[in-house]
Amino acid sequence: MSSGFVTGLFSIPEGMAYASIGGFAAPLGLWSGVVPTIVGSMLARTVLMVTTLTSAIALSSQSVMAAAGLDPGDIGAVATLAVLVGLIMLAMGLLRMGSVMAFVSTAVMTGFTTGIAVQILAGVVTDATGYSPASSNTVGKLVEAVAHVGDWDGPTVAVAGATVGVWFAARQVRRLRALATLVALIVASVAAFLVAGDIETVADIAAVPRSLPPFTLPDLSAFPALVTGALAVALVALAQAAGISAAVANPDGSRSDASKDFAAQGAANLAGGFFGALPTGGSLSRTGVATSAGARTRWSGIFAGLSLGLIVLLVGPVAGEIPMAVIGGLMLIIGAEIVEGRLADIRLVARTSTASLAAMVATFVATTALPLQQAIFIGAALSIVLTAVQNSRAGELVELVREGDRWHVDDAPATLPSHRTTVLHYSGHGFFAEIGRLDEEWPETAGVSDAALVVSARGSFGVPSATFLKMLGRRANEMSEDGVALVICGVPPRLRDLLERTGALTTLGPDNVIAATGTLMESVERGFARAEELRAGMRAREE
């Protein structure tokens, strides 16, 4: 419950700030952390994910409202946008479109989550230093802030620094470790009130209302103007949430399910749209607050929504006295913790390959410089390219040499030996990018006599392509012209059906395509026997 209370309390200033930077009424940021957070936490498979308003969603929503010619103060239009976003998310979840995340590699996801963490750090520069960077680029904000350190506001920096110091001290005490964020929030806020004097507080953004989320009806007339924009907001929200399951594992060891997380966020937006909420999604910063405060189950998120509603209802104006510098200090801690949590993966990716490192860096740059929905799809595209490159290098031909009752592996010959049957095994998927290498390694048969080739396909050609079939047909014709027999063995039913459907089975000869069996090497033995039979037939015809 304590982690939920901390998250709920933290949501007051952060929610209001995010709503304000999007040009919306500040209380909408509060309501975005009540009903959506409760519903999202109840249904999400990433159990610690907190569904609420984020800065990226707020800014995206502002852009969509402006493009539609709608006033951000129109509560009915805002409700319409939230409901539409919810419907799109829910549809994507029910259609199992979360599977697209399977195409996002560790390298890409590491770059993405690290980029979001840096966005969090850049987003609180003003609150933590009192200096407002002019740059619109995430990294540019940090660089500009460091370059203008002389322009930082002393009291603001002191409060933010004291917040970090109190948090660090509380973390050193075992009994306070789980409550360090709450301790830092309270102690630093009280100290700032007593010592710092005139410093920006939550109330300076807007007054904290003392009421529960109001029931709101969507404006049906705004649906046509907001449909396209709602899709963009949904993509931003889902892109942000996609990094949470990678950055924050389920404490019970269960696996996350991106599709069910999509559906959970959709339900959260549908419900929130009727209770004064802006569009919402998985928040890495608010999830970081919860985990830093000791969250272990989905009840933390549920209590966060309940706590926020109760705090606002009972003592809303008091929460308005929290200094924004305290929030800035805590956000610096959260961003740094997320980056620290990614360091092991960053080192792993950097040591894996140059291509993986390049993909991670490219995704990081895209995340910090481009809209998030573009960054995640760029990352997915990079992952697919990496997979294709790796697959193209994975396939290879090796010779299986028979010695008595055993077979051993040797390098494939460049030219097929005469007067014997050669057995080769191809380890690969049949993916079109592999075929160039397979073609290069295929033994030459020109000038060869009394020879046969058996190619074992067991466990290979799982995704045969037209490129593979074209190459196989060409090689089969060349070998037939050179008087060399070709037998394919270990053929799974799916590949045999494909060969039959495309006419390749007729070219190869049905008896020369040996099906895979449940016994290891049995199909190779059958293929070898068939090749020997073909060689004997060719010798007999020559005589």
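So, where does Thr-138 sit? Thr-138 belongs to helix H8, residues 138-147; helices here are DSSP runs of H or I with at least four residues, strands are E runs of at least two, and both are numbered from the N terminus.

Quick housekeeping. This is a predicted model, where local features need pLDDT of at least 70 and side-chain atom pairs count only at pLDDT 80 or more, while totals for chains, interfaces and linings use all residues. Residues are numbered from 1 along each chain as its sequence is written, and side-chain values use heavy atoms, with hydrogens and water left out.

Back to Thr-138. Thr-138 is buried, at 10% relative accessible area; buried is under 20%, exposed is over 50%, and partly exposed is in between, with a 1.4 Å probe and protein chains only. Not counting residues up to four places away in sequence, Thr-138 touches Val-118, Gln-119, Ala-122 and Thr-368, contact being heavy atoms within 4.5 Å. The Thr-138 side chain also reaches the backbone oxygen of Thr-368 at 3.0 Å. And from Thr-138 to Ile-120 you go 18 residues in sequence but 9.1 Å in space, C-alpha to C-alpha.

Ile-120 takes us to H6, as one of the H6 residues that meet H16. How do H6 and H16 pack? H6 is residues 106-123, H16 is residues 324-352, and the angle is about 160 degrees with the axes 9 Å apart. Axes are lines fitted to C-alpha atoms, for helices over the stretch in contact, and angles run from 0 to 180 degrees between N-to-C directions.

On the H6 side you have, among them, Thr-110, Thr-113, Thr-114 and Ala-117, and on the H16 side residues including Gly-335, Ala-336, Arg-342 and Ile-346.

Take Thr-114, in H6. Thr-114 is buried too, with a relative accessible area of 10%. The Thr-114 side chain reaches the backbone oxygen of Thr-110 at 2.7 Å. Leaving aside neighbours within four places in sequence, Thr-114 contacts Arg-342, Ile-346 and Phe-364.

Last stop, H14, residues 284-292: eight of its nine residues are buried. At its start, a side-chain oxygen of Ser-283 comes within 3.0 Å of the backbone nitrogen of Arg-286. Just after H14, Gly-294 has a positive phi of about 100 degrees.

Note on methods: Polar contact = N/O pair within 3.5 Å; in protein donor to acceptor, adjacent residues only side chain to side chain.
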